[in-house]
Amino acid sequence: MKRWRTPATLLLAASVMLACSGQRPVEPQSPSSGPAATGPAQGGRLVYALSADANGFNPITDQFAAQSYSMTGTIIEPLVSVDANGDWKPYLAESLTPNKKYDEWTIKVRSGISFSDGISLTGDIVKANLEAQKKSPLTAATFIPIKSFELTGPMTVKVNLHLPWVAFPYYLATQTGMIVPPASLTDPRTASLKPVGTGPFVFKEYVPDNRMVVTRNPRYWRQGLPYLDEIEFRILPDTQTRAQTLEAGGVDAIGTSRDEDLTKFGAMKDTYTVHRAQGMAVAEYMFLLNTAVAPLDDVRVRRAMAHAMDRETVIKTLRGGMTEPADGPWSKDSPWYTPGGYPAYDLAKATALVKEVEAEKGPISFELISTPDPNTMQGVELAQDMWRKAGIEVSIKQADQADLINRAITGQFSATVWTQFSAQDPDGEYVWMHQSYAKPVGSISLNMTRLKDDKLSSALDAGRMSPDEATRKQAYATVQQRLRDQVPYVFIDHLNTGAIIARTKVRGIGEHVLPDGEKGLPLTGSPIPYHPFGQLWVSER
């Protein structure tokens with residue numbers, strides 16, 4: 001099994017490299033949902049193609065990316081989920097209740113749930129899981145605000161915080177809130193290879209870099225679920241191969257971020273359905289800049305890079321015109337979005353800034369890191385040409401994805417292509433931007449830009465601690481203003497090309513219902529989204 005052996009890897013796996021695509025046809029019309037269905041049918045087998053293997057299936061020890069959540073989420077469930085409006089909702093938890101200050105949260109665990117190994121879910125098991133997450137080198141940084149966990153009843157855990165944290169439940173909807181049985185806590189290596197949980201499916205088989213197979217959990221606590229008998233996750237890293245295999249009938253569904261796939265399969269409405277990410281689930285494509293090293297420690301250089309970037313041309317060239325320009329971590333359809341202030345495309349202004357810096361410090365040059373994927377390289381070379389026109393000399397260094405991310409974490413880079421920011425609540429981006437997570441070059445730093453900005457960090461604190469919606473919106477307006485002023489990221493576009501494409505016989509993608517009867521969030525993750533599998537079914541077998 002492939003693993004990234006970094007002592008502290010990227011929690012929530014928000015940072016994933018994007019494979020861009022070349023010039024494409026115009027955007028297709030919105031696809032239909034396929035032929036009408038009579039209702040969910042029990043039984044059947046689904047073959048589902050993923051873009052990469054997981055790094056392991058233990059939420060406490062293994063880094064999770066979108067493909068990890070797809071596979072592991074069939075077996076291991078979280079305390080919290082997110083509804084279609086982007087609001088958190090209890091899942092394995094029956095309720096989560098804050099005190100008046102929001103510096104304590106009480107988690108009441110849902111009764112009548114057991115793991116597939118027969119062990120009943122209890123408060124002490126939840127407490128042990130959360131304590132393991134707080135101790136884990138992988139996830140400890142995110143749980144820094146937590147002071148302690150206290151078992152206040154057989155099914156109740158109180159979380160004591162150092163400071164108010166109004167969005168805390170959202171973190172329990174990710175791997176930090178996924179609950180495993182005691183045996184998995186005592187034997188993490190086995191848990192990494194053969195996961196056990198409370199979910200709708202149980203582990204059957206895993207062949208690294210090839211496939212994972214899960215089967216129906218007969219003890220599942222949600223009556224009548226799952227519908228499917230078996231799911232095989234097929235690992236097909238090459239985007240084109242995934243699309244060709246779907247068309248040839250070798251798989252039933254694929255994840256993609258290529259606009260050409262949306263165009264092609266979207267036009268075949270009787271055969272395929274296309275499900276695209278929307279709202280806060282849409283990640284942003286950008287260039288991540290290291291503000292702690294020259295020449296990018298000079299904000300004038302970073303602003304020149306933003307002014308030299310013709311985002312409309314990038315979108316037209318690489319996305320077939322399907323996406324919208326990004327000027328921050330949230331799109332215009334987000335309730336948190338605030339317009340204005342991002343450096344607009346202005347080659348003359350970019351050139352003037354470059355000449356100003358050159359007069360003081362000499363020529364500007366740096367190295368840009370990219371994965372070797374041809375589609376990604378196309379976007380990187382386009383950016384290189386735009387910056388060169390402004391007078392900035394950029395060399396390109398290729399690195400595989402694991403090495404690239406490790407270099408970003410440790411600060412061994414100047415700039416790199418990047419995809420990030422798909423949390424449902426803006427507090428989910430706290431660790432990536434706050435100056436307390438910006439460590440010196442050579443040290444592990446979740447704030448990979450290493451930007452230290454008091455105004456930005458104070459705004460992130462205000463958004464984290466205040467329960468007042470107006471106060472939070474003002475705080476995140478300040479966050480956007482500081483990002484546009486300091487330019488630690490050169491934003492390009494919002495990647496709503498992230499999609500799941502399936503044969504019309506596959507039903508229920510993005511239509512799941514939470515235990516309280518509310519509709520769940522259709523898709524999440526980036527750049528290729530993921531979704532639950534417990535309520536998927538096939539209309540023919």
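In this predicted model, R45 stands opposite E230 of strand 10. That position belongs to a parallel pairing, in which strand 1 (residues 45-50) is joined to strand 10 by six bridges. Strand 10 itself, spanning residues 230-235, is mostly covered, with five of its six residues buried.

Burial also marks helix 8 (residues 299-308), where nine of the ten residues are buried. These are V299, R300, V301, R302, A304, M305, A306, H307 and A308. The cover over these residues is drawn from both helices and strands: it includes helix 10 (347-361), helix 11 and helix 15 (469-486), together with strand 13 (284-289), strand 15 (365-370) and strand 18 (489-494).

Two packed helices are described by the angle between their axes and the distance between the axes. For helix 9 (residues 311-319) and helix 11 (residues 374-389), the angle is about 155° and the axes lie 11 Å apart. Because angles over 145 degrees count as roughly antiparallel, helix 9 and helix 11 are assigned to that class. Their crossing is right-handed. On the helix 9 side, the contact involves T313, V314, T317 and L318, which meet Q378, G379, L382 and M386 of helix 11. The residues of this contact comprise four nonpolar and four polar, with no charged residue among them.

Terms used. Residues numbered from 1 in each chain as written. Predicted model: local features only at pLDDT ≥ 70, side-chain atom pairs only at ≥ 80, totals over all residues. Heavy atoms only, no water. Axes fitted to C-alpha atoms, helices over the stretch in contact; angles between N-to-C directions. Helix = DSSP H or I, 4+ residues; strand = E, 2+ residues; numbered from the N terminus. Parallel < 35°, antiparallel > 145°, perpendicular 65-115°, else oblique. Left-handed = near helix turned anticlockwise from the far one by under 90°. Contact = heavy atoms within 4.5 Å. Nonpolar A, V, L, I, M, F, W, Y, C, P; charged D, E, K, R; others polar. Buried < 20%, exposed > 50% of the residue type's maximum accessible area, 1.4 Å probe, protein only. Pairing = 2+ DSSP bridges.
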